[in-house]
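Please have the sequence and the model open while reading.

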Amino acid sequence: MAESLETAPVKPTITIDDLDKIDVRVGRIVAVDDVEGSKKLIKMTVDFGGFTRTILSGMKEEREDCAAELTGKQALFVVNLAPRNMAGEVSEGMVYDIGYEDGIVPVLAVPEAEVPDGARLG
């Protein structure tokens, strides 16, 4: 059974139009590398079927061996965020992980079964 958590307040209400702006897709993590000079960041190469993205995440300290634990896994990603420079690298999206904001060790948001890479949320 999962540990107990104090429930955070619900964020302000958004409209369905706001939600429709976010492009969430399933991607397969095909490579994981350390970001040179960063204690927290990893660089994931993610396959979305018809395209590949580099996505950075601050999860290096959360796992024993990020490459071994993440390579080959499917997860949910936001693919239409503006590119962001982080520690000399460019991130082209964001991985959904669960728990970071609540101070627990994060886990990836993953589909319950294999789906085609690039499948959209919704």
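How far apart do the end C-alpha atoms of residues 18-122 lie, and how much of the span is helix and strand? The ends lie 13 Å apart, and the span is 8% helix and 38% strand. Helices (H or I, at least four residues) and strands (E, at least two) are DSSP runs, numbered from the N terminus.

This is a predicted model, in which local features need pLDDT of at least 70 and side-chain atom pairs count only at pLDDT 80 or more, while totals for chains, interfaces and linings use all residues. Residues are numbered from 1 along each chain as its sequence is written, and side-chain values use heavy atoms, with hydrogens and water left out.

**Annotation**
- An unreviewed UniProt entry gives residues 18-122 the annotation "domain: TRNA-binding". UniProt positions follow the numbering used here, feature names are shortened, and annotations may be inferred rather than shown by experiment.

**Sheet**
- Five strands form an open sheet in the order S3-S2-S1-S4-S7, with antiparallel pairing; two strands pair if DSSP finds at least two bridges between them.
- S3 and S7 stand at the edges with a single partner strand each, so one side of each has no neighbour in the sheet.
- Strand S2 (residues 42-47) is joined to S3 by six bridges, and Val46 stands opposite Arg53 in S3.

**Pockets**
- A pocket is an open set of points on a 1 Å grid over the protein atoms alone, where a 1.4 Å probe fits, with protein on both sides within 12 Å along at least five of seven lines; lining residues have an atom within 4 Å of a point.
- The largest pocket has a volume of about 850 Å³, the space filled by probe spheres set on the points, with grid points joined across faces, edges and corners.
- Of its 30 lining residues, Met94, Val95, Asp97, Tyr100 and Glu101 are the closest to the centre.
- At least two lining residues come from each of strands S3 (52-57), S5 (84-86), S7 (94-95) and S8 (97-98).
- The second largest pocket holds about 190 Å³, and its lining includes Leu19, Tyr96 and Arg120.

**Loop residues**
- Lys60 lies in the loop between S3 and helix H2 (66-70).
- A polar atom of the Lys60 side chain is 2.6 Å from the backbone oxygen of Ser38.
- Ala87 lies in the loop between S5 and strand S6 (89-91) and has a positive phi of about 50° although it is not a glycine.
- Most residues other than glycine have a negative phi.

Note on methods
A polar contact is a pair of N or O atoms within 3.5 Å; within protein, one must be able to donate a hydrogen and the other to accept it, and residues adjacent in sequence count only if both atoms are side-chain atoms.
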